[in-house]
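Trainee: I would like to learn how to read a model like this one, feature by feature. Could you take me through it?

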Amino acid sequence: MLKKVLSCVAVLLLAGIVCAAPVKVFEKFAVAPESAAVKAGEIVKLKLSFACVPGAKVGSFKAFVHRKEAPAEFFARNSDLIRWSDRKTKKVSNYDAIWLTDDKNFPVQLASGEYEIVINTSGMAVGDYSIPIQAWVLKDKKSYYSATRFYLTITGEDGKKFVATPQVLPAAARQVKAVKNPSWYKSCVFTPAELAGVSGTKYTVSCDFTAGDKYFFGGYCVKVLRKDAPKAFFERENLDMRYRFKDKKVDGYDYAVLVKFKHMPSVASQKFDFELDTTAFPVGNYKIAVEVRLVDRATGKSSYPSVFLPMIVQ
């Protein structure tokens, strides 16, 4: 295992510059497996095990690759994704980087544990990659960056566009906030509470819904708004689209219907299931809108608010 501390403190001493010894932040920091050879389009899953020294905690992880440690073709095809070493001039450097995963800060920092890193290799060029799996660590109110290496060989291409893979935060790193329900429902429980998987995953989602005192529940549909999905999702053909404007001018509140409206008896509480098939869904973060029909008990008038279910396609 190659371990490299990426942060050092430089001080001026006499006529020379001295780099301070690296600060130790991990007792254990390892990725398994350490290498893989796959065709582009396959999903690579890594288990990162870590244990910090006393007083240190991890705040995030990400995987990336430097220009000097990837096939030149990968950077040539993805110039829009490059994080330039020299951001002002964008002069080509061996240390230009492309992120292979997103980088989510942990609401709750972790002293130890395991974290699954997922890399969707679709769009990656044939060749060898030396990939730092980097941690952001806080110790004594200072930031440190430490990395271990994963070695990846892409043996065949799929001709698609590369997109950084969204990651699911480990459960221990999430912060559960108490959310006050709006007046139109007493409870709305989805099972599962969040969706995460590769494109092509098929989900059965259950919803246990209880309307507010003024309303009855009378049906639902499932949709996704343009603003709540990757741009590439709405570039696909054969979507059941609804547009905000009559001239079909693109708007963030346009939406695609995933499950058509199902009329149901007007009741205070209802349990219902729906299917989601993510075949051909582009990689990215989604907010799935479950639109419910509410019937005002006094007037009989209907309204159509939505509750949202998070989904990650990796």
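Mentor: We will go from the overall chain to the cores, the rings, the cysteines and the backbone. This is a predicted model, where local features need pLDDT of at least 70 and side-chain atom pairs count only at pLDDT 80 or more, while totals for chains, interfaces and linings use all residues. Residues are numbered from 1 along each chain as its sequence is written, and side-chain values use heavy atoms, with hydrogens and water left out.

Trainee: How many helices and strands are in the protein chain?

Mentor: Helices (H or I, at least four residues) and strands (E, at least two) are DSSP runs, numbered from the N terminus. Here the protein chain has one helix and 21 strands. Its C-alpha atoms fill a box of roughly 85 × 45 × 35 Å along the principal axes.

Trainee: What share of the 314 residues counts as buried?

Mentor: Buried means under 20% relative accessible area, exposed over 50%, and partly exposed in between, using a 1.4 Å probe and protein chains only. In this chain 44% of the 314 residues count as buried.

Trainee: Which residues touch the most other members of the largest nonpolar core?

Mentor: A nonpolar core is a set of buried Ala, Val, Leu, Ile, Met, Phe, Trp, Tyr and Cys residues joined through side-chain atoms within 4.5 Å. The largest one has 43 residues, and Phe26, Phe61, Phe74, Leu100, Tyr129 and Leu152 touch the most other members. Among the elements that give two or more residues to this core are strand E4 (26-32), helix H1 (72-77) and strand E11 (142-154). A second, separate core holds 35 residues, including Cys188, Ala211, Leu276 and Val313.

Trainee: What does Phe61 contact, leaving aside its neighbours within four places in sequence?

Mentor: Contact means heavy atoms within 4.5 Å. The partners of Phe61 beyond those neighbours include Phe29, Leu48, Phe50, Tyr115 and Ile117, and also Asp102, Asp103 and Gln134.

Trainee: How many aromatic pairs does a search of the whole structure find?

Mentor: Rings of Phe, Tyr and Trp (its six-membered ring) pair if their centres lie within 6.5 Å; planes under 30 degrees apart count as stacked, over 60 as edge-to-face and the rest as tilted. The search finds 21 such pairs. Take Phe74 and Phe162: their ring centres are 5.3 Å apart and their planes are at 75°, so this pair is edge-to-face. Phe74 lies in helix H1 and Phe162 in the loop between E11 and strand E12 (185-191), so the pair ties together parts 88 residues apart in sequence. Phe74 is buried at 0% relative accessibility, and Phe162 is buried at 1%.

Trainee: Where is the nearest cysteine sulfur to Cys188?

Mentor: A disulfide is a covalent bond between the sulfur atoms of two cysteines. The cut-off is a pair of cysteine sulfur atoms within 2.5 Å, and the search of the whole structure finds zero disulfides. For Cys188, the nearest cysteine sulfur belongs to Cys207, 3.8 Å away.

Trainee: Is Asp140 buried or exposed?

Mentor: Asp140 is exposed, at 59% relative accessible area. This residue lies in the loop between E10 and E11, and its phi is positive, near 55°.
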